[in-house]
Amino acid sequence: MDWDWEPDEDETHTAYHEAGHAIVGCALGAQIDSVSLSQASAYDDTDDALPRRFGDCLVNWGRVDPSNTWQQQRELLTILAGPIAELTYRNEDADEIDEACWAMDWAQAQQCVSAMHSDSRKQARTLQQAVGRLKTVIAQPPCWPAIAALADELMLGDEIDGEQVAELVRFWFSRS
């Protein structure tokens with residue numbers, strides 16, 4: 001009997017994506033309520049246009065002052081961390097981001113920068129700077145090993161609670 005399964009790249013990409021949100025958010029001071037992957041059954045729907053897998057990361061910033069620039073910046077970095085972590089895992093350039101692929105993340109990021117700046121040029125520049133900063137930070141220790149460790153845990157299939165995420169952040173960030 002041959003038990004060799006093909007790796008599921010969609011699940012792996014989603015795990016790194018959600019781990020990026022969780023690790024960066026936690027490192028920036030958010031409480032992560034939970035992070036998980038959900039898998040639709042292969043028998044549920046055979047429509048290839050629908051995603052088979054998706055993830056969820058519940059980030060809790062507590063009481064937020066919408067006029068506080070630092071709070072806006074860390075929220076923006078956390079929103080963009082998912083796509084950047086996924087691109088880093090795929091070894092793809094963030095300059096080639098397919099915004100349609102992560103429409104919900106980009107809509108949230110755009111809403112966030114709109115609250116920061118009314119000028120569309122400043123919004124675009126802020127997004128570009130945030131992506132550039134994340135590309136550098138996420139690809140290096142302690143961030144990358146923490147993201148990889150959380151992605152591995154997510155692929156085991158259980159929901160990860162906020163304390164487990166905080167433990168990973170404490171462990172990896174204490175080593176830098």
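Tutor: Helices α2 and α3 are roughly antiparallel to each other, a label given to angles over 145 degrees, where under 35 counts as roughly parallel, 65 to 115 as roughly perpendicular and the rest as oblique. Their axes cross at roughly 160° and come within 9 Å; axes here are lines fitted to C-alpha atoms, for helices over the stretch in contact, with angles from 0 to 180 degrees between N-to-C directions. Helices are DSSP runs of H or I with at least four residues, strands are runs of E with at least two, and both are numbered from the N terminus. The model is predicted, so local features need pLDDT of at least 70 and side-chain atom pairs count only at pLDDT 80 or more, while totals for chains, interfaces and linings use all residues. Residues are numbered from 1 along each chain as its sequence is written, and side-chain values use heavy atoms, with hydrogens and water left out.

The crossing of α2 and α3 is left-handed, meaning that the near helix is turned anticlockwise from the far one by less than a right angle, clockwise being right-handed. On the α2 side, Gln 72, Gln 73, Glu 75, Leu 76, Ile 79, Leu 80 and Pro 83 meet residues of α3 that include Trp 106, Ala 109, Cys 112, Val 113 and Met 116, contact being heavy atoms within 4.5 Å. Ten nonpolar, three polar and two charged residues form this contact; Ala, Val, Leu, Ile, Met, Phe, Trp, Tyr, Cys and Pro count as nonpolar, Asp, Glu, Lys and Arg as charged, and the others, Gly among them, as polar.

Helix α2 also packs against α4, at an angle of about 55° with the axes 9 Å apart. That angle makes α2 oblique to α4, and the crossing of α2 and α4 is right-handed. From α2, Leu 76, Leu 80 and Ile 84 are among the residues in this contact, and from α4, Leu 127, Val 131 and Ile 138 are among them. The contact of α2 with α4 divides into eleven nonpolar, two polar and two charged residues.

Leu 76, Leu 80 and Ile 138 are also among the residues with the most contacts inside the largest nonpolar core, which has 42 residues. Such a core is a set of buried Ala, Val, Leu, Ile, Met, Phe, Trp, Tyr and Cys residues joined through side-chain atoms within 4.5 Å; buried means under 20% relative accessible area, exposed over 50% and partly exposed in between, with a 1.4 Å probe and protein chains only. The largest share of this core, eight residues, comes from α2.
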